[in-house]
Amino acid sequence: FDLVTLGSDHMTNAGFSGVIQTVHFFDQQGIRHVGAGATLAAALKPVVIDVRGVKFGFVGFNGAGGSVPATSSSPGTAPMTSSNIKNAIAAARKVSDIVIALPQWSTREYVAAWTSQQLAWRNEMFAAGADHIIGADNHWASGLSITPGGVSSNHLAVDSQGNFWFGQDWSRQTEEGVMTMTTFIGTRLAQVRLIPTVVLDDAQPNLTDPATDGQSVLQQVL
């Protein structure tokens, strides 16, 4: 893993010290992070990763509530407000060829359909200058959209990839998920491939065959 988003609804479960410790541990391992931090400015600061000369800028937000919002002087998550969306994406746009937003934006869990709030946020992030959105988490793998626009000539938005490792073993939908593999030619998004997964032993992600066992979750998304 090169980067994670910490903008989630459980990020402040262990208090402010838990946020600081989590950020510190990721820093120690050289794993970049967005969406939460010691201050709001740190939580909103974009991360840029250079891949063969193409600069990918990432930002993260928490639209699911639950966690304490960061302020100018205290730790927490980056709330998914209009001003935060505009400021973070604008900062990423200045230093990146491609801007990808990583929101946790589930206002309703255990569904595979977009909510009206998610669609409104999606449109707002694209209008602010984001090229693509990889979202989380309904605890189910959910829909995606591909629409015209952006430096890639098309905008990809993923509602939710489902559970990757998470011990919710009471249903097929909470055990299955997808990984989203994106292929770029320069800045153009050339391919999106969904790789189906299943959680075993409560916390062990495994690949499933997309032609057989992976069909149920792929059909759910598509």
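Trainee: Which element gives the most to the lining of the largest pocket?
Mentor: That is β11, with 6 residues. Keep in mind that this is a predicted model. Other elements that give two or more residues to this lining include β1 (3-5), β7 (98-104) and β12 (188-200).

Trainee: What lies nearest the centre of the largest pocket, and how many residues line it?
Mentor: The lining counts 46 residues, and F1, L3, V4, T5 and Q161 lie nearest the centre. The volume of this pocket is about 2,100 Å³.

Trainee: How do the lining residues of the largest pocket divide by class?
Mentor: There are 26 nonpolar, 15 polar and 5 charged residues.

Trainee: And what lines the second largest pocket?
Mentor: Its lining consists of V23, D27, R32, H33, A36, G37, A38, A42, K45, P46 and V47. At least two of the lining residues come from each of α1 (15-28), β2 (32-34) and β3 (36-37). The space in this second largest pocket is about 190 Å³.

Trainee: Let's turn to single residues. Why is T77 called buried?
Mentor: Buried means under 20% relative accessible area. T77 has 1%, so the label buried applies.

Trainee: Where is T77 found, and what is T77 in contact with beyond its neighbours within four places in sequence?
Mentor: T77 is in strand β6 (residues 76-77). Leaving those sequence neighbours aside, its contacts include L6, G7, S8 and M11, as well as G35, A36, A43 and N62. S67, V68, P69 and A70 are also among them.

Trainee: Why does A190 count as partly exposed?
Mentor: Partly exposed lies between the 20% cut-off for buried and the 50% cut-off for exposed. A190 has a relative accessibility of 36%, so A190 belongs in that class.

Trainee: Which residues does A190 touch, not counting those up to four places away in sequence?
Mentor: A190, which lies in strand β12, touches T183, F184 and I185.

Note on methods:
Residues numbered from 1 in each chain as written. Predicted model: local features only at pLDDT ≥ 70, side-chain atom pairs only at ≥ 80, totals over all residues. Heavy atoms only, no water. 1 Å grid on protein atoms, 1.4 Å probe; cavity = no way out; pocket = protein on both sides within 12 Å on 5 of 7 lines; lining within 4 Å. Points joined across faces, edges and corners; volume = space filled by probe spheres on them. Nonpolar A, V, L, I, M, F, W, Y, C, P; charged D, E, K, R; others polar. Buried < 20%, exposed > 50% of the residue type's maximum accessible area, 1.4 Å probe, protein only. Contact = heavy atoms within 4.5 Å.
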